[in-house]
Structures are given as C-alpha cells and as structure tokens.
Amino acid sequence: MSELPATTREWLAGPGLTRLWDAARKRLEGNGVQATGSLRLTAVNTQERNDLSLLLGKPLTGAAVTVRLDALDARLRTSAAGLGLKEVLHELGPPLTDRRAARADAAARRNHVWSSLASSLDASPLAGQDWTRQWSDVLRRAGVPRGVTPEAAVRTLQQAVQVLAVLLDPERDGTQGRGELAATVTGSAHGLDDGTWLARLVQRGVALAHGTEFPGDAAGRRALWRLVSVTPDEVSSTVLTYGLRPAGEGWREQSLRERAAHHAEAHLTARDLLTLRLRLPAGTVVHICENPRVVEAAADAACVRPLVCTSGSAATVVITLLDALAATGCTFAYHGDFDWPGIALANRIIRRYEALPWRMGAEDYERLAARSQAEGIPQLPLDGEPVRATWDPNLAPAMTALGVALHEEATLDLLVEDLSRQLQRAHDTRQTA
C-alpha cells in the first residue's frame, strides 16, 4: 500500500515533474542511492516551471533549473508527501537499483569464480604444474560465457579440474569414451559434447599441458581427445561414397572394392577413416556432389567413377575423407545446387581442393533453367542474399537475373551422362590396349 496521500501522489506523478524524477532516479542509482549532488534540467516548459516552483517552494523564471538533491529531499520530508526523495522515487516506481552496489556485488562474484578455480587447482593433483597458471590466465581473460551464472561457472570450472586430473594422471591406463567420462564427472553423457563450455575448458587445458595449439576445427578437437586416450563419437556421422577402389589387402579396402564392383554405395564413419588406407592411383578424378540422389542415380547407371556426396553442408567427416583423398594425389570435380547456400558450399570445396567446377558455370545454369521452364517444371524462387561464385563471375548475376533456384535433381541426367561417358572412355581404352 502506498504511503503517499492519493492527491499528493497524483500531483507528484504528473507530467510537469516527470523529467525531474527521471533525472533524480538516474543520479541516485549511480551514487549509492544517496540524495547528494545536484542535477540540471534545461528547456523547461511552462508546466514544468510552475510545478517545480511549487515543489521547491521558490519562484523559477529561467529556461534551466538546477536542483540540489539534499534540498529536494528536505523539502519533500516537510511537504504533504512526508517522505524523503528515495522513498518518493520508490513510491512512484519502479524500485531504485543501487547500481554501485550491484557492480560491487558482480565484481565480488566474479572474483569468487576465479578464486574458486585457484582453490580447486591447489587441492588437485594438478597443483604446481607449469601449464595450470597459463590455463587459469587464459580462462580469466576469456571470461565466463554470457548466460552462465557465477554458481554454474564455479561448478563447471571444478568439473574441468576434475576431468583434467583424470586425463593427465601419469598412471592412467587404457582408453575411455567421452560420454562415459562426462557421465562420471557431470552426471550427463553429453556433458563433454563438442561446443559445451566444459569441453572447451578441458580441451584448452589438454592443449596447454601437451604444448600443442588449441584446435580450430572438429577434426582437430577429436585428435586432441585421442591424445589423452578419450574416444569421441566417431560412428554417428557418415560420408556417402560410391565407386571408391582403394589399393590394399585390408578387409576395409577389400569391402570398398567389393561394393564398387557391385555398384553399391558405402557409408563411411569417422571411425572407418581412422584405419582405412585410401590409396587411389595418383591423378584419380573424384567427382563430388551435394545431394544423395546423385549417388543413387550413379549406382543405378552402373557408373565406375568415384563419387563423394557432401549431403548438404559437408560435415567434418566429409572434409576428413576429401583431405585423405587429396593427400594421395586425387583431383576433384564439384557439382552442387544452383541456390545461394549451394554456391557458398561450392566456393568452400573448390577453394579448399582446387576442384574443377562440374557443370557449374553461368551457361550451364541458363541452359538448365530454360530446359526446366520448357518442360513445365514449377519454378523454385531463388531466395536470400546473392553469393559470388569464385570460379565464374557471371554465375551470380545470371542467377539473380532469372531468380530461379535449381537443385541437382534437375540436372541428374546430365551428371549421370558425364559419369557414364567416363565409363565409356575407360572401356574404349581397354579395348585399344
């Protein structure tokens, strides 16, 4: 219930005093909620001047008014309000916030986070190790992620120390799954999933303890886990392939050759790529597509050219496979969707591997768009911001002009024809020999 008389409250809350209360509130919230100092109002209108004159008990005539907060506080206490400035502001609402105290409290809570980390390190087997000070300094400079409370930060940092103590124990033997380790420390098998703050803290510590660079990609982070005998999930993400015929007598290499001989696709996991020896003849051209339907069509047509599918955005396992093929001397030809995300992905692949664009020029797009229209295929609008194709400066303007998105399925027959033509060349070569 308000302590202000109703008529007094109504008058104090009127428009003539609004700027005064706003300015007073800002001043008090910044100086520890003390009615000290003064404030100045400029361009005062007639109603404000009259109301301020009544409130302060003195005539005001100028366009600017200076108000001493201690005098205003005393005046309010002896007026019909019967309350000091702080109480009046509280009554008019919203409640005052002591920002100075809030800043001090936030600083104290931040200091508690880092002092807690220091205590956890001192009480752990990691105490005294050279890298721990550097780790602590790096974490302090980076700060706590937005949205993480000090209490949650303390808990997460303690968990990070606990995980590192386990991983860097010189007497530790054997390999442990990342989910198993996370469940032991956090109670959740996903506590150390890639992208979590705890995982980043631990990975940063492992890198410093081993004197290695902090990895910037998923493949590097998996390698860092393996460095401390932790196995991340390397089976759920796969790359779709077709026609890979690597040399070698291992069962994995033989299995790929067998599937290729029977025109069957193969899904390779990151776990497969760790042990698979992908030795293809130097100079082998590997075609890359964006959509799995191309692989399916190539298999149906019994094509023999090797094909890798990015399945959209090219996950880490896709890049790992392409890197491995590039290391053996393979070259690449790339085709993707004619839409802006497709062009962005094509830029990534073509730039990284110096791949040749495969039916990805402006003329290819215009011919395909004309054919689709002539065949009465519904036109898919091209949405989003244009993306310049690094291999053909005319492609983005052509796509912008026509405004039609074309997915790989629209050019499927031409892609399969290319792959089949390669098959025919291989047959002709054998016949000539």
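This is a predicted model: local features need pLDDT of at least 70, side-chain atom pairs count only at pLDDT 80 or more; totals for chains, interfaces and linings use all residues.
Leaving aside neighbours within four places in sequence, which residues is Ile349 in contact with?

**View A. Ile349 and the residues around it.** Beyond its neighbours within four places in sequence, Ile349 is in contact with Ile288, Ala314, Ile319, Leu322, Tyr334, Glu354 and Ala355.

**View B. The largest nonpolar core.** Here 47 residues come together, and Leu325, Phe332, Ile349 and Leu395 have the most contacts inside this core. Helix H16 (residues 340–353) supplies the largest share, seven residues. Apart from this core lies another, of 33 residues, including Trp114, Leu121, Val185 and Val202.

**View C. A salt bridge between Arg359 and Asp418.** Their side chains meet at 2.7 Å, N to O. Arg359 sits in the loop between strand S10 (356–357) and helix H17 (362–374) and Asp418 in helix H19 (residues 412–432), so the pair ties together parts that are 59 residues apart in sequence. Asp418 is buried, with a relative accessible area of 11%, whereas Arg359 is partly exposed at 25%.

**View D. A network of salt bridges linking Asp73, Arg77 and Glu87.** Within this group, the closest N and O atoms of Glu87 and Arg77 are 4.0 Å apart. Because Glu87 belongs to helix H5 (residues 85–92) and Arg77 to helix H4 (residues 69–77), this pair ties together parts that are ten residues apart in sequence. Both count as partly exposed, with relative accessibility of 30% for Glu87 and 47% for Arg77.

**View E. Arg204 over the face of Phe214.** Look for Arg204 at 3.9 Å from the ring centre of Phe214.

Conventions. Residues are numbered from 1 along each chain as its sequence is written. Side-chain values use heavy atoms; hydrogens and water are left out. A charge sits over a ring if NZ of Lys or CZ of Arg is within 6 Å of the ring centre and within 35 degrees of the ring normal. A nonpolar core is a set of buried Ala, Val, Leu, Ile, Met, Phe, Trp, Tyr and Cys residues joined through side-chain atoms within 4.5 Å. Buried means under 20% relative accessible area, exposed over 50%, partly exposed in between (1.4 Å probe, protein chains only). Helices (H or I, at least four residues) and strands (E, at least two) are DSSP runs, numbered from the N terminus. Contact means heavy atoms within 4.5 Å.
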